[in-house]
Amino acid sequence: MTTWAQVGRTAPPGREAFAEVDTQGVVEAKSVQRTWLTPQPPSSLNKPASLEDVWLILNYACDARCKLCHIDGLSTKLKPVDVVFAQMREGRRQSVGGRIGFSGGEPTLRHDLPDIFVEAKRLGFKRIHLYTHGRKFADRDYAERLVRAGLTSAQISMHGASAESNNEFMGYDGTMETWQGIANLASLGVSMVVNTVLNKSNVDELKQIYLQTLPFAPAVVEYRVTYPIIQRAALRNSDSLVSLEQGIDRLDELFAMATTVPIGTELFPICLLKSNVESSVEWRFRNQADFMIDAEHSDSARIQAAECFGCAHHEYCTGLQSRYVRQFGAPRIRPRPLEQATCRLPATAQ
Ligand code: SF4
């Protein structure tokens with residue numbers, strides 16, 4: 001029987017994730033507080049992790065109501081801008097890279113977002129990345145304003161192939177605005193990852209969503225499929241989850257048809273990706289440490305099997321979520337020998 005145990009990737013030094021494993025191998029995992037004020041540990045390749053990127057959560061407020069939202073119910077207040085600026089300064093002091101990413105909630109709810117970008121540039125960040133549903137960028141003036149302020153790349157959410165399915169999943173009517181926003185940002189030279197959180201309503205639509213991103217290449221540098229973090233709204237709507245096996249089957253079809261826009265994956269156990277390991281965000285960024293400043297955000301605890309500790313991907317693979325194992329059981333994992341391949345990053349966006 002597979003025994004699932006602790007995994008440290010989701011917690012910084014001194015704040016390890018932990019899990020209680022019962023005699024059935026079922027894990028009662030504890031959520032961990034993510035307050036990454038120090039670099040994460042070096043990777044399994046024993047190279048020093050370089051502290052490249054600073055990630056800052058600006059607010060948890062959002063105007064969408066995604067069915068599988070993992071931060072649903074957190075504060076609806078915007079982080080005070082002086083706190084944002086202080087955290088940016090601390091990030092700049094500790095990081096060696098030139099990129100800062102801003103996420104939420106929905107960061108475009110902030111009227112001071114352009115000021116935040118300008119301050120990031122003043123502090124020396126050369127690349128400014130934004131996680132957004134993209135709806136507000138349908139307003140060309142707004143898109144131009146943020147690009148002038150410093151926006152260089154974005155990750156845009158698109159969770160359905162049709163307006164109906166995307167709106168239904170996101171709990172709002174904004175799909176057409178998001179596609180218009182992608183078009184505006186593409187014409188302004190912003191590179192983008194289009195991201196889909198896998199769920200029951202879109203598992204059979206991935207190919208269609210992918211095809212819709214192609215006209216925006218090369219501005220769209222990646223189409224990414226992310227497995228949901230199972231907490232908060234995702235716990236309430238767990239009937240919207242699909243098994244990893246089902247998701248991987250559809251991903252295999254996607255990899256087979258991929259053309260100009262590469263396919264990315266996030267939060268999938270790396271060994272399940274078979275020959276498509278390079279699609280994994282965790283694998284591509286395995287030699288980089290993150291610098292994430294946030295006092296409130298917590299992540300669902302992650303677990304790995306005993307076999308994982310002999311796997312080349314052990315240090316950076318996110319393994320499984322304990323709640324996933326409870327709902328679907330553990331998939332068959334295949335530990336991998338150490339890989340020598342060089343890390344290949346997308347040039348302009350994560
Ligand atoms: S065997 Fe390796 S790749 Fe698979 S879940 Fe465990 S650590 Fe991840």
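These legends describe close-up views of one predicted model. Residue numbers start at 1 in each chain and follow the sequence as written. Because the model is predicted, local features need pLDDT of at least 70 and side-chain atom pairs count only at pLDDT 80 or more, while totals for chains, interfaces and linings use all residues.

**Figure 1. The protein chain and its confidence.** The protein chain holds 10 helices and 15 strands. Helices (H or I, at least four residues) and strands (E, at least two) are DSSP runs, numbered from the N terminus. Of the 350 residues, 44% are buried. A buried residue has 20 or more other C-beta atoms within 10 Å of its own, an exposed one 12 or fewer, and a partly exposed one a count in between; C-beta atoms are placed from the backbone. Among contacts between residues at least 6 apart in sequence, 76% join residues at least 24 apart. Two residues are in contact if their C-beta atoms, placed from the backbone, lie within 7 Å. The average pLDDT of the chain is 82, and 78% of the residues score at least 70. pLDDT is the predictor's confidence in each residue, from 0 to 100.

Figure 2. Where pLDDT is low, the predicted coordinates should not be read in detail.

**Figure 3. Helix 6 and its cover.** Helix 6 spans residues 206-213. Leu-206, Ile-209, Tyr-210 and Thr-213 are buried there. Down the helix axis, these buried residues fall within an arc of 100°, so they line one face of helix 6. The arc is that of the directions from the helix axis to the C-beta atoms. Their cover includes strand 9 (191-197), strand 10 (220-226) and helix 8 (244-257).

Figure 4. Leu-244, Gly-247, Ile-248 and Leu-251 are buried in helix 8. They fall within an arc of 95° seen down the axis, so they line one face of the helix. An α-helix has 3.6 residues a turn, so residues three or four places apart point the same way. The buried residues of helix 8 pack against strand 10 and strand 11 (263-266). Exposed Glu-245, Ala-256 and Met-257 sit on the face turned away from the buried side.

Figure 5. Most residues other than glycine have a negative phi, and most peptide bonds are trans. Gly-104 and Gly-105 are joined by a cis peptide bond, with omega about 15°. Gly-105 lies in the loop between strand 6 (99-103) and helix 2 (113-123). The bond from Ala-217 to Pro-218 is cis too, with omega near 5°. Pro-218 belongs to the loop between helix 6 and strand 10. Leu-267, not a glycine, has a positive phi of about 65°. Leu-267 counts as buried, with 22 C-beta neighbours inside 10 Å.
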